[in-house]
Amino acid sequence: MANRKIYMEGYPFYFWEIKEHTKVKHRVLAEYFDKYVKIVGKHHNINYIDCFGGCGAYIDEKQNIYFGSPILAAFVAQENIEKLNREIKIFVIDTDKENLDNLRKIIKFKNITLPIELINDNYKEGTEKVLHKYPFTPTFYLIDPFGYSLDYKFFKTTRNDRRSEIIVNFMYNALNRGISIEKVKQTINNLYGTDEWEKIKNLKGREREKAAVGLFVKKLEETFSHVKEYRISFPDKDRTYYYLIHGTNHGKGLRIMSSSFAKHNDGNLEYRGPKQDQQSFLDMEEVKIDEISNFLLGNYKNRQVSFLTLVIECIKNGYAETFVRKALLKLEDDGKIRIIRKPQYTLQGHERKGIEENDIIVFKE
């Protein structure tokens, strides 16, 4: 269903209505892309490709104005170019020429001086045009379609450089409604790049959801070393709307993305919709620390593991790094683990109390 165009006096462009989950998505994107530019862009030129650009502007029920992903990426890029001398190119792809015309008006209205190339094409052909000109440039891809009509082979092209990363919107709710319809069978085959998904059709409820997103994550792991899904619920229902899935080849990318997501979701690695605000932060923190402690003691008994390895495994199991650190320190205080800190002392000669990547966690019996 097409988005309704909303016009406001004083603005030469139109808006789409925005919901809370989209605000969260945009905040996480802007936060993470800024860090990506600062880290990867320190030694490399960067491209950003918005594969489904949209109209670029939103408005909520209180008439508050928000900007879409291409404009947010442009804000981030422009600031980093001006302050840190980064080299960034922005490409926005959309099949709807009217959306691109709207984006052009927003760019002018907001005085964005960064050159932005608007490409009137589908996501595959548009991306191919960019990669033809810049085949080995580290690229950040946002793949945010309205449905699930994506081609798995496309994701192979996103590994044009080992520093390239993706955020893809996996539209589970739409997929769940279509998964038993025979005429979309080929569309789903294209999404997964396999017919293994057919086994999922016979599952129900949470079991089906877990298998559907799990298979997609598994397929993306053929391209990226680290793939993490972030569940997004409907803002007014306790039900999954879609998953944001992040793919990176660096553990640091996984950790930063999970921290960015947790920052905008009360420490959770999911957006819970109506459940989001039902618990105080302190109550939630206590529950999380207990849950993570049980997970760690159950899975690492009698083992020694580096903090870096452990925290990556915890994030992939849905636990934010900040709570993992707190759980480990509590377990150390309780005498249930030992932390071998490397080095043991700070440069000032003080004994270290925190936890760093190379520290070894020793789980007792």
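Why does Asn80 count as buried? Asn80 counts as buried because its relative accessibility is 1%, where buried means under 20% relative accessible area, exposed over 50% and partly exposed in between, with a 1.4 Å probe and protein chains only.

Before I go on, this is a predicted model, in which local features need pLDDT of at least 70, side-chain atom pairs count only at pLDDT 80 or more, and totals for chains, interfaces and linings use all residues. Residues are numbered from 1 along each chain as its sequence is written, and side-chain values use heavy atoms, with hydrogens and water left out.

Back to Asn80, which sits in helix H2, residues 69-84; helices (H or I, at least four residues) and strands (E, at least two) are DSSP runs numbered from the N terminus. A polar atom of the Asn80 side chain lies 2.8 Å from the backbone oxygen of Val76. Leaving aside neighbours within four places in sequence, Asn80 is in contact (heavy atoms within 4.5 Å) with residues including Asp34, Lys38 and Arg86.

Next, strand E15, residues 360-363. Ile360 and Val362 point one way from this strand, Ile361 and Phe363 point the other way, and all are buried. In a regular strand the side chains alternate between the two faces of the sheet. E15 pairs in the antiparallel sense with strand E13 (residues 304-306) over three bridges, and strands pair if DSSP finds at least two bridges between them. Val305 has Ile361 as its bridge partner in E15. Strand E14 (residues 337-340) also pairs with E15 in the antiparallel sense, over four bridges, and there Ile340 has Ile360 as its bridge partner.

Finally, Leu328. Leaving aside its neighbours within four places in sequence, Leu328 is in contact with Ile361 and Phe363, among others.

Definitions and conventions: A polar contact is a pair of N or O atoms within 3.5 Å; within protein, one must be able to donate a hydrogen and the other to accept it, and residues adjacent in sequence count only if both atoms are side-chain atoms.
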